[in-house]
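Have the structure open as you read.

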Amino acid sequence: MSTMARGTTAGSPASASAVPRSEAKAPLRIVASAPGAVSVAGVSHTYDVSGRVTKALDEIDLAIAPGRFVVIVGPSGCGKSSLLMMMTGLTKPTAGTIVCGGRPMTEPDPDVVGVVFQEASLYPWLTAQDNVEFPLSLRRVPKAERAARAREKLALVGLQGFEDRYPHELSGGMKQRVSIARGLVQNPSILMLDEPFAALDEQTRITMGDELLRIWAETGKTVVFVTHSLSEAAYLADEIVVMSARPGRIIDRIEVALPRPRTYEMMSTPHFAELRERIWRQIRHQVSEG
Amino acid sequence: MSLAMASSAARPALSPAAVRLLLGIAVLILWEALPRLGLVPQLFLPALSQTLAALVGSAAEYGAHLLHTLRAIGIAMLVACGLGIGLGLLIGSVAPLRRTLQPLASGLYAVPIVILYPLFTAWFGIGPQSKIVFASVYGMLPCLLGTMAGIQTIDRQYLTVARSMRASRWQVIGRVLLPAAMPTVLSAFRVGGALVIVGVVVAEMLTSSEGIGYLISRYRTLLDSPHVFAGILLVVLLVVLFGALVQQVERRTAHWRFSTRSGEAG
Ligand SMILES: Nc1ncnc2c1ncn2[C@@H]1O[C@H](COP(=O)(O)OP(=O)(O)OP(=O)(O)O)[C@@H](O)[C@H]1O
Ligand SMILES: [Mg+2]
């Protein structure tokens, strides 16, 4: 099922985000309006659940150039999911602005940002095909067109022949493939994923990582990917964004110098070990402080 | 005999369906045998054959009254389920409404509404209206409560996903909440629908001039047991048929609920 990672020089153009941390705020406007560009400016968020106040995010600035694969890591509860929810327009930040592909994300816009969640995100009463068609059917796209588009995306994620399966008839990895197909079906230029492979076993997880890289290379989307796994972060990313413990701030941005396509063997290179260590040092520091 | 016992013990136990069938046959045999052997007075329990004879002998009368009953059941079921499920969806998906109305509805459900039936006849007369209204109210409550409960147990993630795809409020209700709540709604409908049937028949027995319930009650005053049991048999058949129908619908629309969540390794 898994086609080998095909991408050669998957679009990672010389990027605006390679700037040092201290200057990260300044050049946002340069890329903000391009399709596929993501710009997070001065975003803070405080949850207030009937008087119980939680400061989740503190002054987040993040610019992502089109076509980049950016991975966000950080200690548990630091606000990664919250940040992603805001970048997808599902939650409004208490302060700051988020612009994706030139559009302020005040509400979800699946034409701009496709979202993939960790689990339980497919509708169990719909087949794989119908799940992928679902967003199109909400917009009343004609039946024939949406069927063709959904089939095409299912083929892209390697699921030809599984169109009529229900989610409970699919493995965990296959379900996430369907989720990815659904996230892509409206051809957004940006795909955001919140720990999409966290519930999978290690083998499936590695395969799915390769699959995502292949899809990314084939489609040239901007990808924002949240994970707990240091190896996953280093293996997938152009750039790793490290967040502090709550309230989440960006404490490091690491360019990954590993060549593409990534291979399993790279995981045993010194550079890979260095990357992992650099991330881990920061996170461990955060956790022991908190 | 002992051979049969041994062989059935060697094989896995009879399937539940087979056991149910055997039980049903046993009941029918007892129904025929007990009165015939004089173990039960014929007035209390006329033999099955006598009951069937009464049913066939007065087929035209039963048929005509059955039509009245079915019509009332049909209308009441539409009202009970339509209102019950519709209101359940609405109330269940609007938190303040749910907090206010749910205790009220469950409280009302605990009240035996039959005691209100005389009021219904006073308001709506003894024609079909009163029994339809009565059965509707009677059957609506479980539909309403079941749908509300179904909506509350829905995985919140389904709603987040719908929002990420920018579904409108109505799309969320119709395309996410309703299908997700379908299994619970159907089991609620199973209970509510059965109560509708009971409600109509009981209403007919109390105050009415038509319908199966009316026939049962009239033949009882005439001490004509075979005809009474013929009526009862019809009602039982109705309930059984309804149950089978709902089960079919469940198989078709809620199959995903009854299958395991884990798939093959992949
Ligand atoms: N809807 C909410 N209401 C109140 N508090 C919330 C809500 N969502 C998240 N929080 C709080 O905000 C903080 C950040 O949560 P968030 O889920 O974004 O973290 P995370 O980095 O994704 O964590 P994890 O790694 O465990 O997934 C946590 O302290 C959490 O308790
Ligand atoms: Mg999270």
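Let's start with the sulfurs. The sulfur of Cys78(A) sits 19 Å from the closest cysteine sulfur, which belongs to Cys100(A), and that is too far for a bond. Cys78(A) is also buried, at a relative accessible area of 0%. Keep in mind that this is a predicted model.

A disulfide needs the two sulfur atoms within 2.5 Å. Cys143(B) is buried too, with a relative accessible area of 0%. How many disulfides are there over all chains? The count comes to 0.

**The ligand site**

Now for ligand 1. It is surrounded by 14 residues, and the closest are Ser76(A), Lys80(A), Ser81(A), Ser82(A) and Arg246(A). By type, the shell around ligand 1 splits into 4 nonpolar, 7 polar and 3 charged residues.

| Residue | Part of the residue | Distance to an oxygen atom of ligand 1 |
|---|---|---|
| Gly77(A) | polar backbone atom | 2.9 Å |
| Lys80(A) | N or O atom in the side chain | 2.8 Å |
| His228(A) | N or O atom in the side chain | 2.9 Å |

Taken alone, ligand 1 exposes 630 Å², and the protein buries 66% of that. Which elements give two or more residues to the shell around ligand 1? They are strand 1 (38–49), strand 2 (52–64) and helix 2 (80–87), each from chain A. Helix 2 of chain A gives the most, with 3 residues.

**Chain A as a whole**

Zooming out, chain A has 8 helices and 10 strands. Of its 290 residues, 58% count as buried. Among contacts in chain A with a separation of 6 or more, 70% are between residues 24 or more positions apart. Chain A exposes about 11,900 Å², with carbon and sulfur atoms supplying 52% of it.

**Two buried residues in chain A**

Thr227(A) is worth a click. This residue is found in the loop between strand 8 (222–226) and helix 7 (230–236) of chain A. Is Thr227(A) buried or exposed? Thr227(A) counts as buried because its relative accessibility is 2%. Its side chain makes a polar contact of 2.6 Å with the side chain of Glu232(A). Leaving out residues up to four places away in sequence, Thr227(A) touches Val71(A), Ile72(A), Val73(A), Lys80(A), Glu195(A), Arg205(A), Glu232(A) and Ala233(A).

At 3% relative accessibility, Leu275(A) counts as buried. Not counting residues up to four places away in sequence, Leu275(A) touches Ala234(A), Ile254(A), Glu255(A), Val256(A) and Leu258(A). The C-alpha atoms of Leu275(A) and Ala257(A) are 9.6 Å apart, and the two residues are separated by 18 positions along the chain.

**A helix of chain B under cover**

In chain B, have a look at helix 8 (residues 156–164), where Gln157(B), Tyr158(B), Thr160(B), Val161(B), Ala162(B) and Ser164(B) are buried. Their cover includes helix 2, strand 6 (113–116) and helix 5 (172–184) of chain A, along with helix 9 (169–206) of chain B.

Most residues other than glycine have a negative phi, and most peptide bonds are trans. Some spots here go the other way. Arg166(B), which follows helix 8 of chain B, has a positive phi near 65 degrees. Arg166(B) lies in the loop between helix 8 and helix 9 of chain B, and at 35% relative accessibility it counts as partly exposed.

Asn187(A) also has a positive phi, about 50 degrees, without being a glycine. Its place is the loop between helix 5 and strand 7 (190–194) of chain A, and Asn187(A) is partly exposed, with a relative accessible area of 44%.

As for the peptide bonds, the one from Arg246(A) to Pro247(A) is cis, with omega near -5 degrees. Pro247(A) sits in the loop between strand 9 (239–243) and strand 10 (250–255) of chain A. The bond from Arg260(A) to Pro261(A) is cis as well, with omega near -5 degrees, and Pro261(A) lies in the loop between strand 10 and helix 8 of chain A.

Conventions. Residues are numbered from 1 along each chain as its sequence is written. Chains are lettered from A and ligands numbered from 1 in the order in which they are written. This is a predicted model: local features need pLDDT of at least 70, side-chain atom pairs count only at pLDDT 80 or more; totals for chains, interfaces and linings use all residues. Side-chain values use heavy atoms; hydrogens and water are left out. Buried means under 20% relative accessible area, exposed over 50%, partly exposed in between (1.4 Å probe, protein chains only). A residue is near a molecule or strand if one of its heavy atoms lies within 4 Å of it. A polar contact is a pair of N or O atoms within 3.5 Å; within protein, one must be able to donate a hydrogen and the other to accept it, and residues adjacent in sequence count only if both atoms are side-chain atoms. Accessible areas come from the Shrake-Rupley method with a 1.4 Å probe; for residues, only the protein chains shown count as cover. Helices (H or I, at least four residues) and strands (E, at least two) are DSSP runs, numbered from the N terminus. Ala, Val, Leu, Ile, Met, Phe, Trp, Tyr, Cys and Pro count as nonpolar, Asp, Glu, Lys and Arg as charged, and the others, Gly among them, as polar. Contact means heavy atoms within 4.5 Å.
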